[in-house]
Amino acid sequence: MRVLAAMSGGVDSAVAAALAVEAGHEVTGVHMALSRTPGTLRTGSRGCCTVEDAFDARRVCDLLGIPYYVWDFSEDFLDDVVADFLSEYAAGRTPNPCLRCNEKIKFAALLDRAVALGFDAVATGHYARLVDGTLYRSVDVAKDQSYVLAVLTPDQLAHSMFPLGALTKPQVREIARERGFAVAGKPDSYDICFIPDGDTRGYLTEKLGVRRGAVVDAVSGARLAEHDGAFAFTIGQRKGLRLDRPAPDGRPRYVLGIEPVSGTVTVGPASGLDVRLVTADRVVFPGGRAPAFPVRVQAQLRAHGGTVGGSVDLVEGELRLSLDAPSRGVAPGQTVVLYGGAGVARSAGEPHPDQFVVAAGTIVRTG
């Protein structure tokens, strides 16, 4: 097969490309340029999006003896990832820009161009497995990335390869060392690439402007403080509330709600974060068909964390999920991914390699 290897400049994409070559595929490496002014992205070799990363990707391709290109997706990235990030926060929701980048850039813009040029598949360094068109968790559940891939369509998955799905991270680094890749010990990237200093609050204030509002206590209704923008808060947030007095019971307060029109941020006790009902739209069935609803599932409600057992139904195009146990810190704008397979009978548990994606959707309401 003709395979395009998406080369981020990190160890995972390097090893994915190497394994595709060793499997006998005709491989071409491509690094995605996501900014017209690379200096505005964070600096340092962290595994995605920087000038240093582009150099690292080129060196790996040279060692593998495969062609290397840089493709400009800066306009797509600005429109589909950065603009979406800003609009979601402005609307009081909590987006996941890495998930959106996978959905709109790597497996839409990049994949579409690759297929148009005659490539059969795009290989990436994601930790996930494809088995007969079904998306499974990685063997290394600590690194599993099926959550951020669950929004892909069946056609996109049909043109995707995840060579690392059966490997652990230590094994991947060892493969890189054996092949002499300088990126073998390169640290993983966890930051948002278009916020170079990691100051999300400052970035949002710069881009969206000051939008003052009140911080209100959910129990007493008292006005506790003022803020410069509700977009700087997320559901479940505890630090950075800038309150000048503690709660009457001395316990910490958390962000319970965000109302973007009035700019009101409601804070209260941790118990106010408990969620048992989750409604999601923009529903995707990566396997190509919906299950026989209602169905038992394990639900993952954020990119990092465990799963919660529950029952889900599809009502008027929305997923209606009832959790067996309350979950905290669930925010509109985040993605809920529903898994079947091992562990679905448990009320709560850890991710398991035999779990596969049933459906995914964007959270719109909780209760």
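Which side chain meets Lys169 in a salt bridge? The partner is Asp188, with 2.7 Å from N to O. Keep in mind that you're looking at a predicted model.

**Salt bridges**

Let's stay with that pair for a moment. Lys169 sits in helix H7 (residues 169–178), while Asp188 is found in the loop between H7 and helix H8 (200–208), so this contact ties together parts that are 19 residues apart in sequence. Are these two residues buried or exposed? Lys169 and Asp188 are buried. The pair also belongs to a network of salt bridges, which links Asp12, Lys143, Lys169, Arg173 and Asp188.

How many salt bridges does a search of the whole structure find? The answer is 23. Here are three of them, with the N to O distance for each.

| Salt bridge | Distance, N to O |
|---|---|
| Lys169 and Asp188 | 2.7 Å |
| Arg59 and Asp56 | 2.3 Å |
| Arg177 and Glu174 | 3.1 Å |

Take Arg59 and Asp56, which both lie in helix H2 (residues 51–64). They're three residues apart, and that is about one turn of the helix.

Now go back to helix H7 for Arg177 and Glu174. These two are three residues apart in H7, so about one helical turn separates them. Arg177 is partly exposed at 46% relative accessible area, and Glu174 is partly exposed too, at 36%.

**A parallel sheet**

Next, the strands. Strands of a sheet pair through backbone hydrogen bonds, and the pairing can be parallel or antiparallel.

Strand E1 (residues 2–6) runs parallel to strand E4 (residues 121–123), and three bridges join them. If you want a spot to check on the structure, look for Ala5, whose bridge partner in E4 is Ala123.

Ala128, for example, has Arg137 in E6 as its bridge partner. The hairpin of E5 and E6 has two residues between the strands, and in this hairpin Asp132 takes a positive phi near 50°.

Helix H3 (residues 74–90) packs with H8 at an angle of about 90°, and their axes are 11 Å apart. That angle makes H3 roughly perpendicular to H8.

Which residues of H3 meet H8? On the H3 side you'll find Val82, Phe85, Leu86, Tyr89 and Ala90. Across from them, H8 brings Thr200, Tyr203, Leu204, Lys207 and Leu208. The residues of this contact divide into eight nonpolar, one polar and one charged.

Let's finish with the backbone. Most residues other than glycine have a negative phi, and most peptide bonds are trans. A few places in the model go the other way.

Arg282 isn't a glycine, yet its phi is positive, at about 50°. This residue lies in strand E12, and with 45% relative accessibility it counts as partly exposed.

Glu316 is another non-glycine residue with a positive phi, near 50°. You can find Glu316 in the loop between strand E14 (307–315) and strand E15 (318–327). Is Glu316 buried or exposed? Its relative accessible area is 76%, so Glu316 is exposed.

Finally, where does the model have a cis peptide bond? One joins Phe293 and Pro294, with omega at about -5°. Pro294 is part of the loop between strand E12 (275–284) and strand E13 (295–300).

Key. Residues are numbered from 1 along each chain as its sequence is written. This is a predicted model: local features need pLDDT of at least 70, side-chain atom pairs count only at pLDDT 80 or more; totals for chains, interfaces and linings use all residues. Side-chain values use heavy atoms; hydrogens and water are left out. Helices (H or I, at least four residues) and strands (E, at least two) are DSSP runs, numbered from the N terminus. Buried means under 20% relative accessible area, exposed over 50%, partly exposed in between (1.4 Å probe, protein chains only). Two strands pair if DSSP finds at least two bridges between them. A salt bridge is a side-chain nitrogen of Lys or Arg within 4 Å of a carboxyl oxygen of Asp or Glu. Axes are lines fitted to C-alpha atoms, for helices over the stretch in contact, and angles run from 0 to 180 degrees between N-to-C directions. Angles under 35 degrees count as roughly parallel, over 145 as roughly antiparallel, 65 to 115 as roughly perpendicular and the rest as oblique. Contact means heavy atoms within 4.5 Å. Ala, Val, Leu, Ile, Met, Phe, Trp, Tyr, Cys and Pro count as nonpolar, Asp, Glu, Lys and Arg as charged, and the others, Gly among them, as polar.
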